[in-house]
Amino acid sequence: MKDVILKYALKNAYDYGRANAGAVAGKVIAEAPEAKKDMKKTMAEITSVIADVNKMKKADIEKALAKYTFAEKKEEEKGITLEGAERGRVVTRFLPEPNGFLHLGHAKAALLSYEAAKEYSGKCLLRFDDTNPEKEETEYVKAIQDDLKWLGLTFSDVRFTSDRMTELYEKAEQLIAQGDAYVCECPQEKIKADREAKRGCKCRERKDSAVVWKNMPKMKEGSAILRLKGCVDAENTVMRDPTLFRIMDAKHYRQGTKYRVWPTYDFEVSISDSLDGVTHAFRSKEYELRDELYYYIVDKLKMRKPLIYDFSRLNIRGNVLSKRLIKPLIEEKKVTGWDDPRLLTLRGLKRRGVMPAAIRSFVLSFGLSKVESNPSIEALLSENRKILEPTSEHYFFIGEPVKLKVKGLVKEVSLRKHPAQDLGERHVAVKEEVWIDGKDAAALKKGETFRLKDLCNAKIVAVGKTIDAELAADEMVPKKIQWVSAIEVKPAELMVIGDLLVGDDYNKAGLTIRKGFCEKACETLKEGDVVQFERIGYARKDGAKRYVLSC
Ligand SMILES: [Zn+2]
């Protein structure tokens with residue numbers, strides 16, 4: 001049994017950076033169903049094996065994995081199928097722009113690219129798409145790498161588009177020499193009007209583009225652009241002589257003031273993909289119209305052509321997935337920062353106690369489909385619950401507390417930290433007074449008998465500002481409520497997260513704080529630990545006394 005556990009713990013750690021007990025348990029049971037007979041023992045073994053495996057280096061894990069064989073994937077674990085893909089030769093890429101933090105939409109692009117490459121034993125590279133000096137910053141490069149690592153994605157090959165400006169200039173010169181690109185010095189308004197009117201400008205026919213191009217680094221910002229000679233009356237507006245290069249004065253976070261003439265996304269992405277050996281390029285459907293331009297550029301340059309896959313853009317009901325829309329919320333202080341737990345940034349989700357494995361299975365469930373859907377966050381949270389269930393310790397949290405006095409109740413109890421798994425116990429001493437949740441207290445009536453969970457039965461004698469009760473016979477009663485011992489109580493705050501938006505507007509009630517108490521045993525929890533507050537939900541410890549309700 002131990003060997004089966006080790007095999008899947010290694011595999012899980014290798015695939016996702018860290019092994020997860022829930023995920024390993026599922027695999028172990030599938031291969032060795034007898035493990036189910038004593039789940040307590042199985043989980044204890046898994047926990048101990050995982051602890052060792054998670055200390056190992058990736059190279060050692062890989063070595064240890066080599067002696068195991070894995071059954072072929074079953075039908076229901078549908079992978080990603082790529083056209084023209086050859087095992088071992090697939091190259092994909094994830095292409096973040098270092099101008100903000102990653103969100104769930106980026107996670108989808110990153111995970112699809114990463115998983116597709118893995119499916120074919122290929123390679124996924126990380127390339128920073130950094131050719132807009134006005135918006136990009138070094139801190140985002142670091143933040144993006146940290147977030148990807150948290151997501152369990154490790155990239156051995158990291159590149160920066162701005163490092164290949166010389167090559168990009170050469171390609172531009174080739175297009176100019178072929179008569180496929182020209183320098184346009186028309187005012188911006190004229191260019192816009194010409195495009196709308198499906199009209200070309202006189203610069204199209206000029207003969208001195210190569211000379212003016214060479215001079216562009218010395219020209220004023222906005223005074224000239226390099227344009228592709230596309231098709232001025234194309235139905236696809238993207239093809240109406242798009243901009244390939246523009247002059248920008250802003251200092252680049254990585255290249256400083258070395259360059260002033262910067263390529264547009266359309267130009268650099270097609271060429272970089274081709275140069276980087278990318279075989280399959282993924283991007284969201286909003287770029288679909290640009291596919292024609294992408295292929296047109298590589299064709300004109302007679303370069304190797306990657307295959308583009310457009311997948312549906314992720315939209316979550318009641319929230320936003322766009323840096324452009326998140327930024328103003330931060331600036332207007334409607335949210336506390338990029339890691340506000342209401343946001344669907346990876347940092348926000350992390351603070352909310354959403355596990356990388358939940359994000360992974362949620363975003364991959366859409367696959368490469370182009371069908372737009374508008375799921376609620378609940379689908380992600382439901383995945384999260386499945387992952388947290390077997391490994392989260394249970395505690396009691398009492399909101400808006402009301403005091404309950406049970407005459408004659410003096411007791412010390414040991415409570416299990418998990419009803420089914422062996423996660424240890426917490427010890428609690430009670431001396432007549434406990435706190436119960438305000439909502440539970442409001443529902444109690446004089447003469448009613450109920451159970452203080454795992455402690456005793458009590459019968460209400462009087463209901464006032466505090467509630468008086470007496471011990472009742474230890475028999476089955478339908479109502480069970482959670483409690484916290486008054487002599488061991490710890491103040492706690494629970495951040496309850498709702499939708500960020502109502503319709504298109506900011507939801508002022510998107511974050512509420514419940515003040516109350518939790519058990520003394522919660523003191524030993526570390527920031528970042530996720531526990532289950534019974535009858536409330538999973539919560540991540542966020543500070544000395546603050547918790548964020550996850551799901
Ligand atoms: Zn012009």
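Student: Why is Lys370 called partly exposed?
Tutor: The relative accessible area of Lys370 is 39%. Buried means under 20%, exposed means over 50%, and partly exposed lies in between (1.4 Å probe, protein chains only); Lys370, at 39%, therefore counts as partly exposed. Please keep in mind that this is a predicted model, in which local features need pLDDT of at least 70 and side-chain atom pairs count only at pLDDT 80 or more, while totals for chains, interfaces and linings use all residues. Residues are numbered from 1 along each chain as its sequence is written, and side-chain values use heavy atoms, with hydrogens and water left out.

Student: What makes the meeting of the Lys370 and Glu288 side chains a salt bridge?
Tutor: The N to O distance for Lys370 and Glu288 is 2.8 Å. A salt bridge needs a side-chain nitrogen of Lys or Arg within 4 Å of a carboxyl oxygen of Asp or Glu, so the pair meets the rule. Lys370 belongs to the loop between H14 and H15, and Glu288 to the loop between strand S8 (280-284) and helix H11 (291-300); the pair therefore ties together parts 82 residues apart in sequence. Helices (H or I, at least four residues) and strands (E, at least two) are DSSP runs, numbered from the N terminus. Glu288 is also partly exposed, at 32% relative accessibility.

Student: Which parts does the salt bridge between Lys490 and Glu523 tie together?
Tutor: The side chains of Lys490 and Glu523 come together at 3.3 Å, N to O. Lys490 lies in strand S19, whereas Glu523 is in the loop between strand S22 (511-518) and strand S23 (530-533), so parts 33 residues apart in sequence are tied together. Lys490 has a relative accessible area of 27% and is partly exposed. Elsewhere, salt bridges that share partners unite Arg93, Lys123, Arg127, Asp157, Arg159, Arg164, Glu167, Asp273 and Asp276 in one network. The count of salt bridges comes to 51.

Student: How do you know that strand S1 and S2 pair?
Tutor: Two strands pair if DSSP finds at least two bridges between them. S1 (residues 91-94) and S2 have 4 bridges, in the parallel sense, so they pair. Within S2, Cys124 is the bridge partner of Thr92. From S1 the chain passes through helix H5 (residues 104-119) to S2 in a right-handed β-α-β crossover. A crossover is right-handed if, with the strands pointing away from the viewer, the path from the first strand over the helix to the second runs clockwise.

Student: What joins S2 to strand S3?
Tutor: S2 and S3 (residues 158-160) run parallel and are joined by 3 bridges; Phe128 stands opposite Phe160 in S3. Here too the β-α-β crossover is right-handed, leading from S2 through helix H6 (residues 138-150) to S3.

Student: What makes S10 and S11 the edge strands?
Tutor: An open sheet of 7 strands runs in the order S10-S23-S24-S25-S19-S22-S11, with mixed pairing. Strand S10 (394-395) and strand S11 (397-399) each pair on one side only, and they are its edge strands. Within the sheet, S19 (residues 490-497) and S25 (residues 546-549) pair in the parallel sense over 3 bridges, and Leu494 stands opposite Tyr547 in S25.

Student: Which residues have the most contacts inside the largest nonpolar core?
Tutor: They are Leu104, Leu148, Ile359 and Leu380, in a core of 50 residues. H5 provides the largest share of this core, 9 residues. Such a core is a set of buried Ala, Val, Leu, Ile, Met, Phe, Trp, Tyr and Cys residues joined through side-chain atoms within 4.5 Å. Leaving aside neighbours within four places in sequence, Ile359 has contacts (heavy atoms within 4.5 Å) that include Leu104, Trp150 and Leu380. Another core, of 32 residues, lies apart and has among its members Ala181, Met219, Val238 and Ile271.

Student: What is noted about phi of Glu400?
Tutor: Phi of Glu400 is near 40°, a positive value in a residue other than glycine. Glu400 sits in the loop between S11 and strand S12 (402-416). At 37% relative accessibility, Glu400 is partly exposed.
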